[in-house]
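Here are some notes to read alongside the coordinates.

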Amino acid sequence: MPAAVRSALALVMCLLAGLGSAVGQTAIRAADDLGQLLLQSSNWTYQLQGVRPAELAVTRFDVIVMDAFFGGGRREIERLRTLPFGRRRLLLSYLSIGEAEVYRYYWQRCCSGGKRPPWITTENQRWRGNWRVHFWDPEWKSIIFQEDDSYLKRIIAAGFDGVYLDRIDVHSEVSAPGIAPRAEMLRFVRELSATAKAMRPGFLVIAQNAEELADDASYLAAIDGIAKEDLLYGVAGEGKRNEPGMIKESTALLMRAHAAGKHIMVVEYLSEPATIERARTEILELGFVPYFAPRSLGKLQVESLELDDSH
């Protein structure tokens with residue numbers, strides 16, 4: 001091979017290597033950017049019903065948790081991604097991994113017409129139409145994150161920055177011979193997280209509740225944050241203060257995750273202004289980020305921004 005040709009080939013290989021390195025560095029920066037945006041966020045909103053993209057778009061919330069199937073498309077997602085003053089906003093999609101929901105696209109395929117696969121167990125009496133599942137079953141895993149048209153892959157394709165995993169705590173409500181539900185839930189979240197982050201570097205995974213799993217290092221490594229419902233109020237009834245021991249135990253677990261670099265969000269379902277302000281102060285003093293909403297999550301509560309004038 002002539003020397004000139006060898007030199008040209010060497011130059012091309014160097015350029016390709018540099019390009020590959022640049023792409024890799026870009027992916028790393030993208031991953032870091034999303035994680036840093038989450039850690040730097042000082043407020044959030046959580047709305048699953050009655051979403052009006054135009055109304056959400058003009059708010060100053062750093063993080064929006066919503067349903068991927070809110071009725072809009074890529075155009076609305078891109079509009080929501082930018083705050084009114086130009087800064088980047090994070091969009092997280094709700095995803096229940098412990099219950100099958102009759103109003104989801106997959107229900108017709110797996111469970112309609114009176115048929116119930118063996119991994120469907122009991123209905124949640126508090127939220128009718130939601131059925132607890134044996135989440136370790138291969139068919140459920142396939143629906144949620146493994147198959148080509150999985151729920152997770154639809155969320156990523158829609159343009160969301162992460163998932164907000166609900167009903168992780170169902171591990172304490174279901175059982176089967178020879179199954180260790182806690183260990184299976186740890187495995188489920190690890191596998192889902194690995195799948196998501198392989199598809200999109202930096203994709204965020206937020207776990208709602210189940211803070212008791214935060215004592216597992218592999219679980220903490222798989223998630224980017226924890227969102228806690230009813231930390232201070234609501235377990236014994238709307239607006240009622242939780243037992244001190246319960247608050248102390250949950251707070252200690254959340255503080256452990258916080259110390260490990262995880263973002264902690266808290267949603268309290270309160271309506272009385274004075275109680276909201278006391279709860280806000282208490283949550284902020286812990287270093288967590290509060291949000292206050294009706295339990296239906298059907299109304300945007302811009303009041304949660306009242307004390308945030310940093311933007």
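1. Ground rules. This is a predicted model, in which local features need pLDDT of at least 70, side-chain atom pairs count only at pLDDT 80 or more, and totals for chains, interfaces and linings use all residues. Residues are numbered from 1 along each chain as its sequence is written, and side-chain values use heavy atoms, with hydrogens and water left out.

2. The overall picture. The protein has 10 helices and 11 strands, taken as DSSP runs (H or I, at least four residues, for helices; E, at least two, for strands) and numbered from the N terminus. Of its 311 residues, 50% are buried, where buried means under 20% relative accessible area, exposed over 50% and partly exposed in between, with a 1.4 Å probe and protein chains only. Of the contacts (heavy atoms within 4.5 Å) between residues at least 6 apart in sequence, 66% join residues at least 24 apart.

3. Helix α6 against α7. Helix α6 (residues 151-158) packs on helix α7 (residues 181-199) at an angle of about 30°, and their axes are 11 Å apart. Axes here are lines fitted to C-alpha atoms, for helices over the stretch in contact, and angles run from 0 to 180 degrees between N-to-C directions. The pair is therefore roughly parallel; that label covers angles under 35 degrees, with over 145 roughly antiparallel, 65 to 115 roughly perpendicular and the rest oblique. The crossing of α6 and α7 is right-handed, meaning that the near helix is turned clockwise from the far one by less than a right angle.

4. Who meets whom there? From α6 come Leu152, Lys153 and Ile156, and they meet Leu192, Thr195, Ala196 and Met199 of α7. By class, this contact has five nonpolar, one polar and one charged residues. The classes are Ala, Val, Leu, Ile, Met, Phe, Trp, Tyr, Cys and Pro as nonpolar, Asp, Glu, Lys and Arg as charged, and the others, Gly among them, as polar.

5. The surroundings of α6. Tyr151, Leu152, Lys153, Ile155 and Ile156 are buried in this helix. Their cover includes β3 (90-96), α5 (138-146), β7 (162-166) and α7. After α6 comes Gly159, with a positive phi near 105°.

6. Helix α5 also packs on α7. The angle between α5 and α7 is about 35°, with axes 11 Å apart. Trp140, Lys141, Ile144, Phe145 and Gln146 of α5 make the contact with Arg187, Phe188, Glu191, Leu192 and Thr195 of α7. Five nonpolar, two polar and three charged residues take part.

7. Glu123 deserves a look. This residue lies in strand β5 (residues 120-123) and counts as buried, at 16% relative accessibility. Its side chain forms a polar contact of 3.2 Å with that of Arg128 and reaches the backbone nitrogen of Gly129 at 2.7 Å. A polar contact is a pair of N or O atoms within 3.5 Å; within protein, one must be able to donate a hydrogen and the other to accept it, and residues adjacent in sequence count only if both atoms are side-chain atoms.

8. Leu83 sits in the loop between α3 (74-80) and β3. At 2% relative accessibility, Leu83 is buried. Leu83 and Phe61 are 22 residues apart in sequence and 7.7 Å apart in space, C-alpha to C-alpha.
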